[in-house]
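Hi,

Here is the model I promised to pass on. Please have a look at it first; my notes on what turned up follow below.

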Amino acid sequence: MAADTKTVRGITVYKNKSQAIRTLLDLNDDPEIHGNKIWFSSFFIIDYLNANPPQHKTKIMEVGCGWGILSIYCAKKFNAKVTGVDADKNVFPFLKLHAKANGVKVKKNISRYENLKLNILAKQDLIVGGDICFWKELIEPLYKMINKAVKEGVPRIVIADPGRAPFLKLAKRCVKKFKAELIQVDISEPKTKNGYLLIIEN
Ligand SMILES: C[S@@+](CC[C@H](N)C(=O)[O-])C[C@H]1O[C@@H](n2cnc3c(N)ncnc32)[C@H](O)[C@@H]1O
């Protein structure tokens, strides 16, 4: 029988057809806003963080965390204090399963981007998110969240995407308003992919 898990960038990841994932799908409601698998833009951010490592115990918030692989990586590799934020409560059993398999804890916050409270944003040293601006309706909520986070003094925000039109529109606004940087990146593991990082330094 094939193994139920694989190791990606040092993180234990359950295969979609594994018994553990099938059991969670049987026991819980299905994720409803595309948080139904691990998307690959998080790996662009993982490479960025390896090149620009956060300090020990940095407070990191992953928005639109889905199964939370990026959160788990930050907790495991950088010993960061991580909060995973998602509007869809149904993603969190998958995050919990992976956090447990990797021996880390990730705090959960069920919230839409635009509803994140100022005092919660203000506590973060870094806000990250991969594959989170995939509909044009998500541009404004994410822009509002970024604007609030910048005003609250969050030092760095990093968002990654393959280059969908809504993300590029968000990026254009952030370059203009916050002097953000938009850079092209690629990965060869877990698959060969290319995309963008939007980096807002405050
Ligand atoms: C394409 S998935 C990406 C998940 C994860 N970042 C990854 O790379 O595997 C997008 C995630 O954003 C969440 N999401 C969508 N709209 C949201 C909103 N307005 N506020 C918070 N989370 C949202 C979805 O529930 C989903 O988990």
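**The sheet**

Lys 59 stands opposite Lys 81 in β4. That pair belongs to the two strands β3 (residues 59–63) and β4 (residues 81–86), which run parallel and are joined by five bridges. Before I go on: this is a predicted model, so local features need pLDDT of at least 70, side-chain atom pairs count only at pLDDT 80 or more, and totals for chains, interfaces and linings use all residues. Residue numbers start from 1 along each chain as its sequence is written.

Strands (E, at least two residues) and helices (H or I, at least four) are DSSP runs, numbered from the N terminus. Two strands pair if DSSP finds at least two bridges between them.

Seven strands make up an open sheet with mixed pairing, in the order β5-β4-β3-β6-β7-β9-β8. β5 (107–110) and β8 are at the edges with a single partner strand each, so one side of each has no neighbour in the sheet. From one strand to the next, the twist averages 20°. α3 packs on this sheet and touches β3, β4 and β6 (126–130), and its direction makes about 175° with that of β4. For contacts, the C-beta atoms, placed from the backbone, have to lie within 7 Å. For angles, axes are lines fitted to C-alpha atoms (for helices, over the stretch in contact), and values run from 0 to 180 degrees between N-to-C directions.

At the other end of the strand order, β8 (residues 181–187) pairs with β9 (residues 193–201) in the antiparallel sense over seven bridges. Ile 187 is opposite Lys 193 in β9, and a hairpin of five residues joins β8 to β9. Pro 190 is in that loop, and the peptide bond from Glu 189 to Pro 190 is cis, with omega near 5°.

One more loop to check: Lys 57, between α2 and β3, has phi near 60°, a positive value in a residue other than glycine.

**Helix pairs**

Helix α2 (residues 41–51) and helix α3 (residues 69–78) cross at roughly 20°, and their axes come within 9 Å. They are therefore roughly parallel to each other (under 35 degrees; over 145 is roughly antiparallel, 65 to 115 roughly perpendicular and the rest oblique). Their crossing is right-handed, meaning that the near helix is turned clockwise from the far one by less than a right angle. Ser 42, Ile 45, Ile 46 and Leu 49 in α2 meet Ile 69, Leu 70, Tyr 73 and Cys 74 in α3. By class, this contact has seven nonpolar, one polar and no charged residues. Here Ala, Val, Leu, Ile, Met, Phe, Trp, Tyr, Cys and Pro count as nonpolar, Asp, Glu, Lys and Arg as charged, and the others, Gly among them, as polar.

Helix α6 (residues 139–151) packs with helix α7 (residues 165–178) at about 30°, with the axes 10 Å apart. α6 passes α7 in a right-handed crossing. Residues meeting there include Ile 139 and Leu 142 in α6, and Lys 169 and Arg 173 in α7. The contact of α6 with α7 counts nine nonpolar, no polar and two charged residues.

**Around the ligand**

Which residues come nearest to the ligand? Of the 23 around it, they are Ile 33, Gly 35, Gly 64, Gly 66 and Ala 87. A residue counts as near if its C-beta atom, placed from the backbone, lies within 6 Å. The shell divides into twelve nonpolar, seven polar and four charged residues.

Cheers

Conventions
Two residues are in contact if their C-beta atoms, placed from the backbone, lie within 7 Å.
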